[in-house]
Amino acid sequence: MGVKLLLANDGVEGIRYYDTYRKHGGYTAAEKALKMSQADIVEEVKKSGLRGRGGAGFPTGMKWSFLAKPEGVPRHLVCNADESEPGTFKDRYLMEFHPHLFIEGLLISSFALGSNMTYVYIRGEYSWIPDILNQAISEARNAGFLGKNILGTGFDCEIYVHRGAGAYICGEETALIESLEGKRGNPRMKPPFPAIQGVWMRPTVVNNVETIAAVVPIIAMGGDEYAKIGVGKSTGTKLMSACGNINKPGVYEIDMTISVEEFIFSDEYCGGIKNGKRLKACIPGGSSVPILPANLLLKTAKGEPRMMNYESMSDGGFATGSMIGSGGFEVLDEDQCIVKHTMTLARFYNHESCGQCSPCREGTGWMYKILKNLEYGHGKLSDIDLLWDIQRRIEGNTICPLGDAASWPVAAAIRHFRDEFEWHVKNPEESQKRNFGLAHYADPIHVAATA
Amino acid sequence: MSETPKFKVTIDNIGIEVPAGTTILNAARMIGGEVAPPTMCYYSKLKDSGGKCRTCLVEVSKGSEKDPRPMPKLVASCRTTVMDGMEVKNITSEKVLDARKGVVEFLLINHPLDCPVCDQAGECDLQNLSYEHGTEGTRYEFKRRTFEKEDIGPYISLHMNRCIMCFRCVFTADQLTETREHGILERGDHAQIGTYLNKALKNDFIGNVIDVCPVGALTDKTFRFKNRVWFTKPVDAHRNCSNPKCCGHVRLWMRGDEVFRVTARKDEWGEVETRPDGTPGWICNECRFEKKQTKDWVIEGPALIPRSSVIAQGHYVGTKKTPVLIDKVIGKEPEHLLNIHDISDVNKPEIELSKIAGPAHSDDFKK
């Protein structure tokens, strides 16, 4: 059993309610934090090496220290609970079953950043969770952990839960800010960064739900202790939401020291591939990160076993690696068609593009149409190169990372599964009846001997 | 107030000193010529515009004097401010030209390319952009996106199919008029400009959206199908407009004595001219749509049209001629290089070539 920090009380009956949570040591970290100075909390978070759990993996302590603190201007903490990445559902689990852990994290973070008004921007589709959160907030207020003059420290904090309207793009921090202000959810140009001018042009920090929740164990055990968990720069624990063709889909907390193979096949986690099939491919961190074939997923290009942490997952760059992203672990077995899968993702990004930048607005629709042709057997070999060209011209040329997120899965699918795309073109009729199958995607890769 | 410090930037190996806070694009425009990146959505007179079309992407090969690291991605020059010692590559960077080619392709895949029947043809930014940076053919093999036609009033016609989503008209309505009746509906590739309920745009300054529109999406209904812009002659004129916000200095597009169209005066970047007092020369709807007779106007003279524009065709008055510099360089009038009368020792100078019937032959000189 690995270390459990966020899900330590998972399965305890009534942990959703204040009394039970308090009985299991809840809000002790908040009591401790409110006695510390704001700079000390930021320092603890810095020491812990906590990286943003929303996908980009930016060090949280550093982000907090960038927050501008002009005199007389209120600052805000905004929690990004707009978890819309296909395959990711860890934040939902956390908010649904451990709302008080989340609120305690919000309270500590708000205190550290000096935010008297903290917003939770929650995904519109999570229609039942705002009720859970609002109930937890009122319980916490009754217990004196929210509201005016919390625990006699003179610090006021209110948490507002704001429901989004179901746009993926509003998970991007500046689009989220625009949406929270009541405008159209278009990403803003950076700079100015939200840390300088965010919500209503006030300094703002936008953090993921899991990042906020991870602040609680960091304060409870100390930043140095937290940093000892995990390896290298991947400290602490990470929630993974595993789904796809596995025996035990669900949310798992890992301490980033286990290998990918162990995560997929051990009974403690995913429990192996469903129906005794073989592993074909996997998207390790939510739909926008590059897909990896089985051989590159389990072993890096250097022949070392791939571990579940930030560094090992991105070993080899995008040529042979991927990213841990937001932790949406999607497993594909040998019966899955990569072309169809890529098409589905392209359709999603086409649908969710905000329409602001021309490469993303026009390019995502174009990629979807080409992939649709390929999937239904109307493709040409030149289409594959055309797709590559389109994704290359979208990537990095847009305001927000949605352009990158739309082009990476297409690029990775062509990079690793070009045979399957070509097979679809060359056997249009057969491709409608059966799948390409596993082919050579699980064969051991040749590792050149080092001199 | 302290003086703004000057920053030194190098764009395409040309150095210039600009005040701090200037964007790369404006610094490049100060240099002028080909160094200035093309823009489709940025409009210097509209606050917050820019950053969307991605045609002005440039490569920053050196961030600044203090932090010489290059920027990892191409940046939108219209929204990136210069730093001291910054080095920018525009047309000298292959990455930029490739990205720009891609943007032009993206902008054109769903554009109807109905230039032959489009009133904007001849003064269209997208036409110029694709002429300079686009390719001859398209790789797009699907049905182009179309929208249902929406009527937005008696003066302005909206062709949503031609729109490139620059957001300029939205900013214009926000910043120039008191009410904005149109906006962006939907998202992604079916995002569109609309009023949602087929409302007419009624504000007395809304005509300016025609001038800011880089393509033929918003055109003048009073000029619709009347003439091609390159057959009309631009003439600068003014009148005493009663509207205090209207500058009254306009450009008439005439043919003979007939005024076909009235627009604001444009500068070399295709934007509304800045008046001598520093304000942009926006004009009101009355000047634009209702004063279509020469007697309404005091005519100043022909407008200056850059020679690169198709409108300069058949319109020689007021064009800028290429200056002849050779006498200034060598200090005297150049000699005729082919004046063989004076310099030829082989051919006899006394024989007048123009007197010989037919082409000169060696026999002519033997006499």
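Start by selecting residues 204-208 of chain A: this is strand β4, and five of its five residues are buried. Buried here is a matter of counting: 20 or more other C-beta atoms within 10 Å of the residue's own, while 12 or fewer makes a residue exposed and anything in between partly exposed, with C-beta atoms placed from the backbone. Both faces of β4(A) are covered, with A:T204, A:V206 and A:N208 buried on one side and A:V205 and A:N207 buried on the other. The strand and helix names follow DSSP runs, numbered from the N terminus: helices are H or I with at least four residues, strands are E with at least two.

Before you click further, note that this is a predicted model, in which local features need pLDDT of at least 70, side-chain atom pairs count only at pLDDT 80 or more, and totals for chains, interfaces and linings use all residues. Residues are numbered from 1 along each chain as its sequence is written, and chains are lettered from A and ligands numbered from 1 in the order in which they are written.

Strands count as paired if DSSP finds at least two bridges between them. To see one bridge, pick A:C79 and look across to its partner in β4(A), A:N207.

Stay on A:C79 for a moment. Together with A:V78 and A:I108, A:C79 touches the most other members of the largest nonpolar core, which has 218 residues. Such a core is a set of buried Ala, Val, Leu, Ile, Met, Phe, Trp, Tyr and Cys residues joined through C-beta atoms within 7 Å. The biggest giver to this core is helix α18 of chain A (residues 402-426), with 10 residues.

Which residues is A:I108 in contact with, leaving aside its neighbours within four places in sequence? Select A:A29, A:A30, A:A33, A:I41, A:V215, A:V216 and A:I219 to see them. Contact means that the C-beta atoms, placed from the backbone, lie within 7 Å.

Next, a helix pair. Show α5 (residues 90-97) and α9 (residues 209-221) of chain A: they pack at an angle of about 50 degrees, with their axes 9 Å apart. That makes α5(A) oblique to α9(A). For the terms, axes are lines fitted to C-alpha atoms, for helices over the stretch in contact, and angles run from 0 to 180 degrees between N-to-C directions. Under 35 degrees counts as roughly parallel, over 145 as roughly antiparallel, 65 to 115 as roughly perpendicular, and the rest as oblique. On the α5(A) side, pick A:K90, A:D91, A:L94 and A:M95; on the α9(A) side, pick A:V209, A:E210 and A:A213.

Now the loop between α8 (173-180) and β4 of chain A, where you will find A:P191. A cis peptide bond joins A:K190 and A:P191, with omega about -10 degrees. Another cis bond links A:P191 and A:P192, with omega about 5 degrees. A:M201 lies in the loop between α8 and β4 too, and its phi is near 60 degrees, a positive value in a residue other than glycine. Is A:M201 buried or exposed? It counts as exposed, with 12 C-beta neighbours inside 10 Å.

Still in chain A, find the open sheet of five strands in the order β8-β7-β11-β9-β10, with mixed pairing. Its edge strands are β8 (250-254) and β10 (292-293), each pairing on one side only. β10(A) pairs with β9 (residues 279-283) in the antiparallel sense over two bridges, and A:L292 is the bridge partner of A:C282.

Over to chain B, which has an open sheet of four strands in the order β12-β11-β10-β13, with antiparallel pairing. The edges are β12 (258-264) and β13 (298-302); each has a single partner strand, so one side of each is left without a neighbour in the sheet. Six bridges join β11 (residues 249-255) to β12(B), and B:M254 has B:V259 as its bridge partner.

Last stop: where the chains meet. Here 25 residues of chain B are in contact with 23 residues of chain A. Select helix α2 of chain B (residues 94-109), which gives the most to chain B's side, with six residues.

Conventions. Two residues are in contact if their C-beta atoms, placed from the backbone, lie within 7 Å.
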